[in-house]
Amino acid sequence: MWNWMKKGWSIAWQQPFAVFVLFFYNFAWGVVLYKLIQSIVVPLLHRYPGKELTREAVQLFWVEGQFQLIKTDLIMPYLWWGLGLLGLRMLLNPMLNAGVYYSLHHQELNAGYRFVEGIRKLTLPFLGLYILQMLCSLAPLYWLIPHTLREYATQSSYMSLGKALLPFLGGYMIYLFVVQLFFLFLQIGKVDRRSSLFTVLFVLRHLLIIMLTALGVLLITFAASAVVMISAYIWAGFAALIGFQLYRFMDMFLKLWAIGTQYALWSEKA
């Protein structure tokens, strides 16, 4: 396991172009979302009654807001913006994944060229896999959401509700983890020109070691995240902001490391 993690680290270290592209993409996406939310929230804050007004004025503010949301089409432009951004992200994610996985498999090519070539060659099949992954990930919610509503209606407190739902939520998280690993290898198999059946059988045969390796990388990633968050609380201010942005860059490297680790396992066992 540690041998594959070391190889994955070496593979990720050889992908500076992919790490930079992923960092820039996430940074730009965060700025877009921030500006969009700011354009909605700031005007509302300007209209929110201050402390000098009465409680009735605050209640009137919320009643007016509820009326506008229910009885008018005020929310429709924001809803369309949200759906548009969601559709754009669903298109960009498979494109970037195609560039990353192709770069891992063709390290003999120029970094920028192989990334763009991966986008050109693999965007459509990766888009299909991404949509299928979303469907598999959301399918259990068809049963889980009604079950949650039934438990909410019968439980007497949030504590008892949490205890009743904890096993189901834990099982759902494990399910999402396994689904993510399956589709990670389906993408590796697609780059390696292997059939989906071969890839599924490969994952089933090596599922235990795949999960243990992924958990090892995940624990190290969580530990790094915890250190950054604790540091941000201790050294709040401009230094914390710079440190957080540097961590975002490191986070992209760690994600590439997770993929590279599984790719190293695939290269040895497949």
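Q: Is Thr213 buried or exposed, and why?
A: Buried means under 20% relative accessible area, exposed over 50%, and partly exposed in between, with a 1.4 Å probe and protein chains only. Thr213 counts as buried because its relative accessibility is 0%. This is a predicted model, in which local features need pLDDT of at least 70 and side-chain atom pairs count only at pLDDT 80 or more, while totals for chains, interfaces and linings use all residues. Residues are numbered from 1 along each chain as its sequence is written, and side-chain values use heavy atoms, with hydrogens and water left out.

Q: In which helix is the place of Thr213?
A: Helices (H or I, at least four residues) and strands (E, at least two) are DSSP runs, numbered from the N terminus. Thr213 belongs to helix α9. The protein chain has 10 helices and 0 strands.

Q: Which residues does Thr213 touch?
A: A contact means heavy atoms within 4.5 Å. Leaving aside residues up to four places away in sequence, Thr213 touches Met1, Trp4, Met5, Thr261, Gln262 and Leu265.

Q: What is the volume of the largest pocket?
A: On a 1 Å grid over the protein atoms alone, a pocket is an open set of points with protein on both sides within 12 Å along at least five of seven lines; a cavity is a set where a 1.4 Å probe fits but cannot get out, and lining residues have an atom within 4 Å of a point. Grid points are joined across faces, edges and corners, and a volume is the space filled by probe spheres set on the points. Here the largest pocket has a volume of about 1100 Å³. Its lining has 35 residues, and Asn97, Gln180, Leu184, Lys255 and Ile259 are the closest to its centre.

Q: How do the residues of that pocket lining divide?
A: Ala, Val, Leu, Ile, Met, Phe, Trp, Tyr, Cys and Pro count as nonpolar, Asp, Glu, Lys and Arg as charged, and the others, Gly among them, as polar. In the lining of the largest pocket, 22 residues are nonpolar, 10 polar and 3 charged.

Q: Which residues line the largest cavity?
A: The largest cavity holds about 40 Å³ of space. Its lining consists of Pro94, Asn97, Phe126, Leu129, Tyr130, Gln133, Phe183 and Gln187. Helix α5 gives the largest share, 4 residues. By class, this lining has 5 nonpolar, 3 polar and no charged residues.
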